[in-house]
Amino acid sequence: MSDFTMPSLGADMESGTVVEWLVKPGSQVHKGDVIAVVETHKGAIEVEIFDEGVIEELLVEEGQEVPVGAVLARLTKAGEKREADTPEAPAVEEAGREPEAEREPEPEPERKPEPLPEPLRPALAARSNVSPAARRRAAERGIDPDRLHGTGIDGSVTLADVEAASPAATREEPRPAPAKVRRGFDPVQMRKGIASAMSRSKREIPHYYLTTTIDMSAAQAWLRDYNAARDPDERLLPAILTLRAAALALKEVPQLNGFWQDDAFAPSEAIHVGWAISLRGGGLIAPAIRDVDKLSIADLMRALKDVVARARSGGLRSSEMTDATFTITSLGERSAESVGGIIYPPQVAILGLGSIVERPWVIDGAVVPRPLATASLAADHRASDGHVGGQFLSTFARLMQEPPKP
Amino acid sequence: MSESPTRMTYREACRQAIRDALQADPRCFVMGEDVGLYGGCYAVTKGLIDEFGSERIRDTPLAESAFVGAGIGAAMAGMRPIVEIMTCNFSLLALDQIMNNAATIPHMSGGQFAVPLVIRMATGAGRQLAAQHSHSLEGWYAHIPGIKVLAPGTIEDARFMLKTALADPNPVLIFEHIVLYNAEGDLDPGVSEVDIARAKIRRPGRDVSLITYGNSLPKALDAAAELAGHGIEAEVVDLRVLRPLDDATIFESVKRTRRCIIIDEGWRSGSISAEIAARLADTLFFELDAPVRRICSREVPVPYAAHLEEASLPRMADIVDEAKALVRPQ
């Protein structure tokens, strides 16, 4: 007999809640099988077993929170003799409290860093019953339906369950005076949302990546001049030039503006740019700034300020969460020099901008110091090919070096 | 309209439909077992021989293959025969004629011959006529390309489907349910013809689609009324035409309700309900919010004993229970 204990799924994890058992006494398990789903502050994690054998008893009930190291289940390893049927295990209730002291928590290294369990076993075992309509809707909303409580037939998750579970803040339309203190996004939910969307992106979207280096001196000079003559609240951020150039480039190369839907690219007439905003306390959100190509520089600045402020205080509208037709992630100052973005589905491209750094640059045969930025494009190869991506990126680079006429 | 609704039985509606046809078209005649002097096994043609004479209301020998074949020949030669087969159980004796001749001749002749034949037959159980007179075989016929299969479930359809069927150049089979013959209802005086192409929503609802036909239609309507008392709005779709199936109406309904129960008095295996369920799975998979369910007859020869017969058929309570389970699971 050996014990299967609550694993540590990261240095900062102290306990976890078994939300679902995927095995029962008598189940045959193999190395790499997912046998339980454990909820941690990072979201629900599928827990694998690294032994081969037969589950003898489950010591923790679904819904119970237990510390790392607590025994969750006992199993007879392959080759061992199975014990005679044990009477119903009465230990279930105490299992959560005692085990840490009594049983030596298995030291971390027990979870040998096995090479990935061979061919990834289909995650089907972890699926709950979700109606087809509910599963599709959940995908649209970036919700993991397998984690929802089902109210349908045989406990299945229905469309209504998915609708009811929609993440905070995506529902309410403009609410009256902000009388109540509104909390920002729930970081736990946020993380789950990001995880789900990004996993889907990497699972479904064949990304291709292109980068180019842009001399930012003209843009910086223009910005300096523009801002010098204005009050602080009218001054522009460099982001405005990025947004403007990207929107104008999308007009010239519309193949990157829109959505991948029903196995085909659906171009969008409007250019709504999602601007990635990192939130204090972790998390990331990319609300849409609408009709970027049609806004004046000053209006664009106002729109950006507004959306950033509301993103941080948690006052975004649902449409802003769903309308973006393209996304920009700009790393800002003192960050990395380039970024390989992950497309936010169902969009088909994301533009990344690294920090501006001073580097040697060759102009007219002479090496001179220049402020350079690396622009990178990640695009969906189902919707476009590298040639189109290259056109967009070079157009963007050109427009960045041709700041607007004052 | 100043006319008030006419009240009549389904049987009377069938008879009036035949009278209309005989009056309207001299090429039209009726042929079948005991349709003349006896007035029809289910009394549908009662009295017609007095009105139209034995040339046009023709009693035949007990030989389904022969008189259906004669009907096919007459139709090919320009007549508009209405052939009655006493019950669909006996129609198997004429299956070769129906399938190998009626359904195929227009095709094999490259369209040179039309077979504008109508075959009426009684179908279904519920009157303690035992296994050899109680089965529902319309689902089988709906398998055959080249024919149309109708299942009037209302007085109106019983009254007007025949006319449309006779105007169709293809062989049309009309399945009249034996329990419905005594059903009474009002005819809308504003209606004088019906199509034989579309299913009809007999009661709108948003929670679950009850798809059915024939004598299961009144059961579904009763079930829907009872479900309304439980806050469940069931939509009742009357198929009317089993071949070709009106996919558009079926899909439109289920797309809205996202749940579907098919009620079919035929046996479950290989039934018309199976075909509909398969089409829903094919086409509407991502719209479904619950499994497609079927309520069919038990897979036994229909029993004679009343309580066993009743238990072998789809029941109103079964529909109510299934709908509750789908829409409001406990």
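Let me start with a loop: B:Pro244 sits between β12 and α9 (247-257) of chain B. The peptide bond joining B:Arg243 to B:Pro244 is cis, with omega at about 0°.

Some ground rules, quickly. This is a predicted model, where local features need pLDDT of at least 70 and side-chain atom pairs count only at pLDDT 80 or more, while totals for chains, interfaces and linings use all residues. Residues are numbered from 1 along each chain as its sequence is written, chains are lettered from A and ligands numbered from 1 in the order in which they are written, and side-chain values use heavy atoms, with hydrogens and water left out.

Back to β12 of chain B. What is the strand order of the open sheet that holds it? The order is β3-β2-β4-β5-β7-β6-β12, seven strands with mixed pairing. Two strands count as paired if DSSP finds at least two bridges between them. At the edges stand β3 (57-59) and β12 (241-243) of chain B, each with a single partner strand, so one side of each has no neighbour in the sheet. On average, neighbouring strands here are turned by 20° against each other, direction ignored. For angles, axes are lines fitted to C-alpha atoms, for helices over the stretch in contact, and values run from 0 to 180 degrees between N-to-C directions.

The partner of β12(B) is β6 (residues 148-150) of chain B, antiparallel over two bridges. There, B:Val149 stands opposite B:Arg243, and B:Arg243 is also on one side of that cis bond. Helix α1 (residues 10-24) of chain B packs on this sheet, touching β2 (28-32), β3, β4 (80-87), β5 (118-123) and β7 (172-177), and its direction makes about 130° with that of β2(B). Contact, by the way, means heavy atoms within 4.5 Å.

Chain B has another open sheet, with five strands in the order β9-β11-β10-β13-β14 and mixed pairing. Neighbouring strands are turned by 25° on average, direction ignored. Inside it, β10 (residues 208-212) and β11 (residues 234-238) of chain B run parallel over five bridges, and B:Val208 has B:Ala234 as its bridge partner. Helix α10 (residues 272-284) of chain B lies across β10, β13 (260-267) and β14, at about 155° to β13(B). Helix α12 (residues 316-327) of chain B touches β10, β13 and β14 as well, its direction making about 150° with that of β13(B).

Now, how do the chains meet? The contact takes 11 residues from chain A and 12 residues from chain B. They bury about 880 Å² between them, 59% of it on carbon and sulfur atoms; buried area is the accessible area (1.4 Å probe) that two parts lose on being put together, summed over both. Which three residues supply more of chain A's buried area than any other three? They are A:Pro132, A:Arg136 and A:Ile153, with 59% of it.

A:Arg136 also forms a salt bridge with B:Glu287, the closest N and O atoms being 3.2 Å apart. The term means a side-chain nitrogen of Lys or Arg within 4 Å of a carboxyl oxygen of Asp or Glu. The count between the chains is one salt bridge. On the chain A side, α2 (132-141) and α3 (159-164) each supply at least two residues, and α2(A) gives the most, with four.

Over all chains, the structure holds 46 salt bridges. One of them joins A:Arg74 and A:Glu57, with closest N and O atoms 2.8 Å apart. A:Arg74 lies in β8 (residues 71-77) and A:Glu57 in β6 (residues 53-58) of chain A, so the pair ties together parts 17 residues apart in sequence.

Last, chain A's backbone. A:Pro345 and A:Pro346 are joined by a cis peptide bond, omega about 5°, and A:Pro346 is in the loop between β16 (326-330) and β17 (349-353) of chain A. A:Asp262, not a glycine, has a positive phi of about 50°; it is found in the loop between β10 (258-261) and β11 (264-267) of chain A. Thanks, everyone!
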